[in-house]
Amino acid sequence: MTDISLAKTSARTLDEAAAARRARMHLMSSVIRYALLFAVGFLMLYPLIWLVGASFKTNSEIFSGAGFLPQSPTVEGYVQGWQTSTPYTFGRFFWNSFLIILPKVIGTAISCTMVAYAFARFDFPFKKILFGSVIAVLLLPNVVTRIPQYILFRDLGWLDSFLPLWVPSALAGDAFFVFMLVQFLRSLPTDMEEAARVDGANSLQTLVFIVVPMLGPALVSVCLFQFMWTMNDFLGPLIYISSVDKYPVSLALKLSIDTTEAFEWNRILAMSVLTITPALVVFFVAQRYFIEGISAGGRKG
Amino acid sequence: MAYVQLKNLEKVYNNTNKVVHGLSLDIKDGEFMVFVGPSGCAKSTTLRMIAGLEEITAGDIIIGDQRVNDLSPSKRQIAMVFQNYALYPHMKVRGNLSFGLRIAGRPKAEIEAAVEKVAAILEIEPLLDRLPKQLSGGQAQRVALGRALIKNPGVFLFDEPLSNLDAKLRASMRVRITDLHRQLKAEGNSPTVVYVTHDQTEAMTMGDRICVMQAGRIMQVATPKELYNAPANLFVAGFIGTPEMNLVEGAMEGGDFVVGSQRLAMGSDLSGRLSSQPADAVLGIRPQQFSLVAQGPALEAKLVHAEFMGHEVYMHADCEGRRLVSVVGAAEFEARGQSDVIRLRPDPKTLHVFDKSDGRNVSLHGGSIAA
């Protein structure tokens, strides 16, 4: 009896020891994995962290080391950077960016949805050729059309205005978004739309009341992409906008480099931080929908 | 409230692929018509053409005295229930039910009243403020039904509405739908129903009449009883009934049916019904119409396998290389003795003879068939 219970006890202790060892191994492997992830992640993020840190440094300190913690933090860069070397404050440039982004994003969302809906759901003459040309535009390098576009907009008298920057996009000029929405729509079942038709909705009502709500995540992605790309667009404003009072932030940042002889790096860095802030905020707010949107292409309804 | 008439209806896809071949069918006002057939027989396509969701290549559709070929679905006095419910995922049940009325711009009070009424009929009041994703299959199906009901249409179109439900729920929904139809009829507005299914149990239990289809053609339109007792052709004979009707290939020789080395006397009852005596014939015998006999005219077969179903036994037997299925009472099965060789006598009153060349039932002539 005693022997048996002893054997049992020792077997149990063996089991417990094995379990404890497994738990320890698991913990160690987790620690190592996370340490590695944090290290690589930190390395990747370091330039951004440094940017934020350096924007609070004085000019002389910026180049004295690679550390990101300012020794004597100052907001001087922000204050002076905001004033800029022009008669306008940086707020003006943000406002300009906003005036481009707002119609562009709204226009893109509306026009691309309508075009994509037509391509995905209706049969019309030359549909294949037209969709082929959308894809062709998608594959065309942007530079190729720069000069003809410039001449076109010059003849329209649109130079030095915001129009060339947002009108083409607001008329579904961005083939990428059309294509993305078409693909998303193709993955949605048509039953709901048919039910709506039986319920008496016309095509536009079906689109607005049934399709658009289902298209939500994809539309968030479209708006987000358009927002970020427009915010970061440098070449477009550079080509079409010549008056300083119409500069968007991307050009204004460059402006602060050009016009001063000795670069005030802390101002540039401070304004860079401000410039990326809206994009970051919007991205984190919309992140959930955004990921749903780009991953939902392969989803079955 | 509305009869439905199909005249030489045709559907051709891509100019080459003809899927519906000149269908003509009259569905009476207030009738429950079931389209049944194997998958790919174009029953859903036909329904969608009636709904206006699919264009018609040729022919006419008439609903309640009006040719509706070119009318949009919403102007055809129809409502449709879809196979996978097709509820609007972002609207609550209330919104789903009222969508059609809201689009039509009806006054708010009227919409509210209609929603309440339909919800009460279908017992979905507690679900009104839920989203479709919070509903079970049966609940979603009832909401889909409600969305059709609220429009008070002349014609209800059902596209395999129960095929996504489990067996038990399907049985109860089946009763619910037929009850609802009866109830509406009793209230004076008798909506016509066109119901598509591939499930013959649904077809047999629900339909006033059944339209059996195959490959875009109508095989037979008849009441469930008539389809079962007097199938017009081989296809209907094989499609309706469980277990399937035994279709034994053989030949007619001087009033006898010859299968392999066996000869089965037809008897005067059957031969009186024959409109012709095809040389190559197929004998149709329902499994339930066999009886085990010790002597007399019968088919001799070797018992291969017996399935005990409780009060009856399904016997699978081999007769001249052909599989025969027969259903006999458990007691009769036990009394047959130990031998593997069984003698099966078909009831001559319910025998069918089909012409093998065109599949026609040639035994429907003149005399009536016992029910």
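View 1. Nonpolar covers Ala, Val, Leu, Ile, Met, Phe, Trp, Tyr, Cys and Pro; charged covers Asp, Glu, Lys and Arg; the others, Gly among them, are polar. Domain 1 of chain A spans 2-77 and domain 2 spans 86-298. These bounds come from an automatic or database domain assignment. The C-alpha centres of the two chain A domains lie 39 Å apart.

Residues are numbered from 1 along each chain as its sequence is written, and chains are lettered from A and ligands numbered from 1 in the order in which they are written. Because the model is predicted, local features need pLDDT of at least 70 and side-chain atom pairs count only at pLDDT 80 or more, while totals for chains, interfaces and linings use all residues.

**View 2. Helices α5 and α8 of chain A.** Helix α5 (residues 127-139) and helix α8 (residues 175-187) of chain A pack at about 130°, with axes 8 Å apart. The angle makes α5(A) oblique to α8(A). Axes are lines fitted to C-alpha atoms, for helices over the stretch in contact, and angles run from 0 to 180 degrees between N-to-C directions. Angles under 35 degrees are roughly parallel, over 145 roughly antiparallel, 65 to 115 roughly perpendicular, and the rest oblique. From α5(A), the contact uses A:Val134, A:Ile135, A:Val137 and A:Leu138; from α8(A), A:Ala175, A:Phe176, A:Val178 and A:Phe179. The contact of α5(A) with α8(A) has 8 nonpolar residues, no polar and no charged. Helices (H or I, at least four residues) and strands (E, at least two) are DSSP runs, numbered from the N terminus.

**View 3. Chain A against chain B.** Here 13 residues of chain A are in contact with 17 residues of chain B. Helices α9 (191-198) and α10 (203-232) of chain A each give two or more residues to the chain A side. The largest share of that side, 6 residues, comes from α9(A). The chain A side divides into 7 nonpolar, 2 polar and 4 charged residues.

**View 4. The two domains of chain B.** Domain 1 of chain B runs over 4-229 and domain 2 over 236-355. In chain B, 6 residues of domain 1 are in contact with 4 residues of domain 2. Strand β10 (217-222) and helix α7 (224-229) of chain B each supply at least two residues of the domain 1 side. That side of domain 1 of chain B has 4 nonpolar residues, 2 polar and no charged. The C-alpha centres of these chain B domains are 39 Å apart.

**View 5. Two backbone details in loops of chain B.** A cis peptide bond joins B:Thr242 and B:Pro243, with omega about -15°. B:Pro243 is in the loop between α8 (234-239) and β11 (246-253) of chain B. B:Asp65 has phi near 70°, a positive value in a residue other than glycine. B:Asp65 is in the loop between β4 (58-63) and β5 (66-67) of chain B.

Technical notes:
Contact = placed C-beta atoms within 7 Å.
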